[in-house]
Amino acid sequence: MSRKPLVAANWKMNGSTAANAAWIESFLPRVGSLKCDVVVCSPAIYVPQLAAAFKGTVVGFGGEDVSEYDHGAYTGETAASMLVDIGAGWVLTGHSERRTYFGDTDARVAAKTKAAVEKGLKPIVCIGETLAEREAGKTIEVVERQVKAVMDAVGVKALLQGVLAYEPVWAIGTGKTATPAQAQEVHAAIRAFIAKTDPEVAAELRILYGGSVKPANAAELFSQPDIDGGLIGGAALKTDDFYKICAAA
Ligand code: PGA
């Protein structure tokens, strides 16, 4: 089974129309040489700018979060149908910053992923353990619990509509990357866990690694058998670094 690598940018709460335009102008002319799939996720307010730039190109794009609700009195939220309406194909769910700072529980992440899937978006479902959980030997238990919550909500086959991203919380934005062996171990465990329900889905599903991926460590991480690309935060803000990471996939 060969899985096409995917590299996704997570801009987080960064950007401006001017900075985004410069990013697009620098990156877009180079995508033709890349062999991986590329996705850019931005704050919802900038997704129309991504749509204007990337529609009709090979670059996928979308938001960083989505409401679990369909529409209605949910001030400040963005519905999956709204992302679809402006042309987005992708959305992050369950990013650890949402889980840590905004109270996204496993149940809410599952509901958000379900809302995204039902509207035809491709979710990038983020999972990962905290440092305390790793030190307590709970890494596999935690990621299995997080995967199970989503799988129970959407059904195992729907996982293939999107991808998973394993992001150890202690490696996000800290400069501390999981070693390729540490990451591979967890990716293999996630795949084995899904295989218990559906071996074909497990074999086909792309599992990205995220957490301080840089041009210097990308190739070694991406060469691991169960790592199918990356979710890139800090290094995705600089087009040269992001391009180099994509080129390593
Ligand atoms: P980082 O972020 O690359 O800055 O560690 C990754 C992420 O949060 O998706």
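Author: Buried means under 20% relative accessible area, exposed means over 50%, and partly exposed lies in between (1.4 Å probe, protein chains only). This is a predicted model: local features need pLDDT of at least 70, side-chain atom pairs count only at pLDDT 80 or more, and totals for chains, interfaces and linings use all residues. Residues are numbered from 1 along each chain as its sequence is written, and side-chain values use heavy atoms, without hydrogens and water.

Reader: Is Lys-12 buried or exposed?

Author: Lys-12 sits in the loop between strand E1 (6–10) and helix H1 (17–27). Helices (H or I, at least four residues) and strands (E, at least two) are DSSP runs, numbered from the N terminus. The relative accessible area of Lys-12 is 18%, so the residue is buried.

Reader: What is the phi of Lys-12?

Author: Lys-12 is not a glycine.

Reader: Where is Ser-212 found?

Author: Ser-212 also has a positive phi, near 55°, and is a residue other than glycine. At 15% relative accessibility it counts as buried. Its place is the loop between strand E7 (207–210) and helix H10 (215–222).

Reader: How many disulfides are there?

Author: A disulfide is a pair of cysteine sulfur atoms within 2.5 Å. The sulfur of Cys-41 has its closest cysteine sulfur in Cys-126, at 8.7 Å, so that pair is too far apart for a bond. Cys-246 is in no disulfide either, with the sulfur of Cys-36 nearest at 4.6 Å. The count is zero.

Reader: What is the relative accessible area of Cys-246?

Author: Cys-41 is buried, at 0%. Cys-246 is buried too, and its relative accessible area is 0%.

Reader: How many residues does the largest nonpolar core have?

Author: A nonpolar core is a set of buried Ala, Val, Leu, Ile, Met, Phe, Trp, Tyr and Cys residues joined through side-chain atoms within 4.5 Å. In the largest, the residues with the most contacts inside it are Phe-27, Phe-54, Ile-190, Ile-194, Tyr-209 and Phe-242. Another core lies apart from it, with 12 residues, among them Trp-90 and Leu-92. The largest core has 61 residues.

Reader: Which residues does Phe-242 touch?

Author: Contact means heavy atoms within 4.5 Å. Residues up to four places away in sequence are not counted. Those that Phe-242 touches are Val-7, Ala-8, Ala-9, Trp-23, Phe-27, Val-38, Val-39, Ile-232, Ala-235 and Ala-236.

Reader: What does helix H8 reach from its first C-alpha to its last?

Author: Helix H8 (residues 180–195) has 16 residues. The expected span is 1.5 Å times one less than the number of residues. For H8 that expected value is 22 Å, and the helix comes close to it, reaching 22 Å.

Reader: Which residues of H8 are buried?

Author: An α-helix has 3.6 residues a turn, so residues three or four places apart point the same way. The buried residues of H8 are Pro-180, Ala-183, Gln-184, Val-186, His-187, Ala-189, Ile-190, Arg-191, Phe-193 and Ile-194.

Reader: What volume has the largest pocket?

Author: On a 1 Å grid over the protein atoms alone, a pocket is an open set of points where a 1.4 Å probe fits, with protein on both sides within 12 Å along at least five of seven lines. Grid points are joined across faces, edges and corners, and a volume is the space filled by probe spheres set on the points. For the largest pocket this is about 530 Å³.

Reader: Which helix gives the most to the lining of the largest pocket?

Author: Lining residues have an atom within 4 Å of a point. There are 19 of them, and Met-13, Pro-43, Glu-64, Asp-65 and Arg-98 lie nearest the pocket's centre. With three residues, the helix that gives the most is H4 (residues 96–101).

Reader: Which residues is Thr-113 in contact with?

Author: Thr-113 lies in helix H5 (residues 106–118). It is buried, with a relative accessible area of 2%. Leaving aside neighbours within four places in sequence, its contacts are Thr-93, Pro-123, Val-125, Val-150 and Val-154.

Reader: How many Å apart in space are Glu-204 and Ser-2?

Author: Glu-204 lies in helix H9 (residues 199–204) and is partly exposed, at 41%. In sequence, Glu-204 and Ser-2 are 202 residues apart. In space, C-alpha to C-alpha, the value is 7.7 Å.
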